[in-house]
Amino acid sequence: MARLVSKIYGEALFDFAKETNQVEKMYEEALDIVDVFNTSGEVKNFLANPKVSTDKKAEFVRELFVNSFWSKPESQAFRFFKANAKKGENPKIIDFLTIVIRKGRQKDIVPILKHFMHLTLNDKNIGEAYVVSASELSDDKKKKLEEKLVSVTKYETFIVDYKVDASLIGGLKIKIDDKVLDKTYKTKIFDMSKSLRGLKL
């Protein structure tokens with residue numbers, strides 16, 4: 001159900017952004033909002049509080065975000081879109097969020113915005129990849145990996161989220177859209193162990 005909600009609302013926001021020619025600007029706004037929600041437990045707790053009215057929650061979100069955008073000198077969105085908006089304007093995305101809150105869907109705000117961001121990147125032919133390695137990859141290896149991803153997919157460029165997990169021992173785990181390529185030593189050892197358990201001597 002949650003995925004369906006994020007899909008419906010995310011697509012509605014994307015369609016509105018396209019119609020009003022605000023895709024890049026709203027992407028940057030969504031990026032900032034998701035960052036706040038992911039780093040501030042207070043914001044999430046306030047919006048989840050059943051004792052607080054939806055009107056107060058909507059007012060809180062408006063006061064929190066209006067006039068606060070564009071404070072960061074550079075972000076991934078700026079690198080790809082070169083978005084240019086004036087600080088102090090009333091972001092239209094806030095009007096959308098107040099509707100979401102009044103519908104009682106405040107817990108779905110981040111999934112909704114993430115789906116909108118995914119649609120935006122896909123529309124711009126930019127892929128999203130999540131790469132997990134046993135140790136930190138060098139800049140050269142990251143560059144070669146991203147070039148390889150471009151060569152074997154439909155995307156022209158990639159935003160890659162790199163993470164390190166020492167338990168993988170070696171190799172890489174790559175997720176693009178709903179596809180996962182697991183070439184880690186941990187998985188290979190596990191698969192080998194499974195096959196050996198069925199071996200009769």
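Helix α2 passes helix α7 in a left-handed crossing. This is a predicted model. Four strands form an open sheet in the order β2-β1-β3-β4. Helix α8 packs its buried residues against three of those strands, β1, β2 and β3.

**The α2–α7 pair**

- Helix α2 covers residues 23-39, and helix α7 covers residues 109-123.
- Their axes come within 10 Å and cross at roughly 145 degrees.
- From α2, the residues in contact include Val23, Met26, Tyr27, Ala30 and Leu31.
- Further along α2, Ile33, Val34, Phe37 and Asn38 also meet α7.
- From α7, the partners include Ile109, Val110, Leu113 and Lys114.
- Phe116, Met117, Thr120 and Leu121 in α7 take part too.

- Helix α4 spans residues 54-65, which makes 12 residues.
- From first C-alpha to last, α4 reaches 17 Å, close to the 16 Å expected at 1.5 Å a residue.
- Which residues of α4 are buried? They are Lys57, Ala58, Val61 and Phe65.
- An α-helix has 3.6 residues a turn, so residues three or four places apart point the same way.
- On the other side of α4, Lys56 and Glu63 are exposed.
- The buried residues of α4 pack against α2, α3 (41-48) and α6 (92-102).

- Helix α8 runs over residues 139-152 and has 14 residues.
- Lys142, Leu145 and Leu149 are the buried residues of α8.
- Seen down the axis of α8, they fall within an arc of 65 degrees, so they line one face of the helix.
- Lys143, Lys144, Lys148 and Ser151 are exposed on the other side of α8.
- What do the buried residues of α8 pack against? They pack against β1 (126-133), β2 (157-164) and β3 (171-176).

**The sheet**

- The pairing in the four-stranded sheet is mixed.
- The edge strands are β2 and β4 (179-184), and each pairs on one side only.
- From one strand to the next, the twist averages 15 degrees.
- Strands β1 and β2 pair in the parallel sense over eight bridges.
- Ile126 has Thr157 in β2 as its bridge partner.
- Strands β1 and β3 run antiparallel and are joined by five bridges.
- Val131 stands opposite Ile174 in β3.
- Strands β3 and β4 also run antiparallel, with six bridges between them.
- Gly171 has Thr184 in β4 as its bridge partner.
- β3 and β4 form a hairpin with two residues between them.
- In that turn, Asp177 has a positive phi of about 55 degrees.

**A residue in a loop: Thr153**

- Where does Thr153 lie? It lies in the loop between α8 and β2.
- Thr153 is partly exposed, with a relative accessible area of 26%. That value falls between the cut-offs: buried means under 20%, exposed over 50%.
- Thr153 and Gly127 are 26 residues apart in sequence. In space, their C-alpha atoms are 8.6 Å apart.
- Not counting residues up to four places away in sequence, Thr153 touches Phe158 and Ile176.

Notes
Residues numbered from 1 in each chain as written. Predicted model: local features only at pLDDT ≥ 70, side-chain atom pairs only at ≥ 80, totals over all residues. Heavy atoms only, no water. Expected span 1.5 Å × (residues − 1). Buried < 20%, exposed > 50% of the residue type's maximum accessible area, 1.4 Å probe, protein only. Arc of directions from axis to C-beta. Contact = heavy atoms within 4.5 Å. Pairing = 2+ DSSP bridges. Axes fitted to C-alpha atoms, helices over the stretch in contact; angles between N-to-C directions. Left-handed = near helix turned anticlockwise from the far one by under 90°.
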